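Good morning, everyone. Please bring the structure up on the screen. I will walk through one chain, then its contact with a partner.

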Amino acid sequence: MDIREIETIIEAMLFAAGGPVSLEKISDILELDKKTCRSIADNMIVKFQESGRGITIREIGKGYQMCSKAECFDYVRKLFSIRQKQGLSQAAFETLAIIAYNQPVTRAKIEALRGVNSDSALSKLIDCSLVIEGGRMEAPGRPVLYKTTENFLRSFGYKTLSDLPSIEMFAARIDNGDKVG
Amino acid sequence: MDSVLSNACKLKLQNFEGPFDLLFHLIEKNKINIYDIPINEITGQYMDYLFAMREMDMEIASEFLVMASTLLHIKSRMLLPERKPEETDGEDPREQLIIRLLEYKKYKEFSRELKDRQEKWKKLFYKAAEFGEIEWDEVKFDLSSYNLSNIYAAILQRNELKTNKNTGKMSQIVQREKITIKSKIKEILNLLLKKSMLKFSEVFSLKRQSKTEVVTGFLAVLELAKAKKVSLEQRRHFSDIEIKALKK
């Protein structure tokens, strides 16, 4: 199989799957090592992005997924009827920010950092499948630990959690009330 | 400084997410250096906000009150003349608050970035994931009319093989033999009219009768004994049971 053929097959698989397809699965099916698959898939992302296509490929978590391009949003959205959806509250964004950097993290830690009860924000995030329970802490009361989901990466444009910038970057952002960063 | 009332009125009564959120708002609004918070001024403004909230009949979360008392505590510590160095740990009373505020600030800043990113990334459309299985029919159908008639003939033939050719000749359906305790009681009583003593093995034996019949017979004997119509005697374990009629 030459690279063109492999690309064709990966493209077909991504279309058929709809959801993300893990690199492992791609390499299993094609009977090729992961490294090769990864470099071909990564190259496809660039190709799709640069060509005049309406769809593109995103790397999310440990796999790849097809989606329509943001540039087409204004047109594509007219295909659908719009349901008014309550966006996330500031509390939910703050809670999500804390979970993203401290995961897996307990409810108590979130509240200590925010200085305020975060129950409703947390349940909203769980409803939106941005956060899920991820085990329990081996501590008195065995508190539930929370972590972000693959949908978090998808919704906020990250490939993996290691894509998150250093949290200290945000410490330097404002001083004396002026935005610096 | 402006009066308490005008300050309160200037404060847009937005909903703050928590005491840190409110403090941050005040720090940003006053362009205060976070490392050197004028605690007197901030506490004053913080309290003004709480009073305003109360006047508007807004619910004040307990966390706001905890922060209010923390601020007042810090303020009072700063007003006190400094104690001798050996008595104090040399710590600025504001230090703990500043550490927590700085920590909160990082996440608040990131949460703003998350909000921006979401605006950008929500413009992508995805397909729902297909389930992990597909239906796949390996059999290939060739549905020409010739084939159809062949298939039909094959079905007829198969059906014929399945049906029992003797069906029409059958006139009776085998039934389970019906043995009732009542009939066995009658049988025993009839026999006892002729002989005063019976041995169980004479009447019921697996050599001559079915298991059901022997068991039912045994139950009939027990019924008769219970009704005091017969007396039973068994000399040893597993020896024969002697049945004698009891005269009224």
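Confidence comes first. Chain A averages a pLDDT of 87, where pLDDT is the predictor's confidence in each residue, from 0 to 100. Of its residues, 94% score at least 70. Over residues 175-181 of chain A, the pLDDT is below 50. Beyond near neighbours in sequence, that stretch has 15 contacts in the model. Two residues are in contact if their C-beta atoms, placed from the backbone, lie within 7 Å.

Some ground rules. This is a predicted model: local features need pLDDT of at least 70, side-chain atom pairs count only at pLDDT 80 or more, and totals for chains, interfaces and linings use all residues. Residues are numbered from 1 along each chain as its sequence is written, while chains are lettered from A and ligands numbered from 1 in the order in which they are written.

Now the overall make-up. Chain A has 9 helices and 8 strands. These are DSSP runs, numbered from the N terminus: helices are H or I with at least four residues, strands are E with at least two. Buried residues make up 25% of the 181 residues in chain A. A residue is buried if 20 or more other C-beta atoms lie within 10 Å of its own, exposed if 12 or fewer, and partly exposed in between; again, C-beta atoms are placed from the backbone. Take the contacts in chain A with a separation of 6 or more: residues 24 or more positions apart account for 45% of them.

Next, the strands. Two strands pair if DSSP finds at least two bridges between them. β5(A), residues 131-136, pairs with β6(A) in the antiparallel sense over 4 bridges. There, E133(A) has Y146(A) as its bridge partner. β6(A), residues 144-148, also pairs with β4(A), antiparallel, over 2 bridges.

P104(A) sits in the loop between α5 and β4 of chain A. A cis peptide bond joins Q103(A) to P104(A), with omega about -10°.

On to α6(A). Which of its residues are buried? They are I110(A), L113(A) and R114(A). Seen down the helix axis, they fall within an arc of 90°, so they line one face of α6(A). That arc is taken from the directions from the helix axis to the C-beta atoms. What covers them? The cover includes α5 and β4 of chain A, plus α2 (19-29) and α5 (95-121) of chain B. After α6(A) comes G115(A), with a positive phi near 75°.

Two other residues have positive phi without being glycine. S129(A) has a phi near 45°. S129(A) lies in the loop between α7 (119-127) and β5 of chain A. It counts as partly exposed, with 13 C-beta neighbours inside 10 Å. In chain B, F238(B) has a phi of about 65°. F238(B) is in the loop between β2 (230-234) and β3 (241-245) of chain B. It is exposed, with 6 other C-beta atoms within 10 Å.

Last, the contact between the chains. It takes 32 residues from chain A and 37 from chain B. Which element of chain A gives the most to the side that touches chain B? That is α5(A), with 7 residues. By type, the chain A side divides into 17 nonpolar, 11 polar and 4 charged residues. Here Ala, Val, Leu, Ile, Met, Phe, Trp, Tyr, Cys and Pro count as nonpolar, Asp, Glu, Lys and Arg as charged, and the others, Gly among them, as polar.
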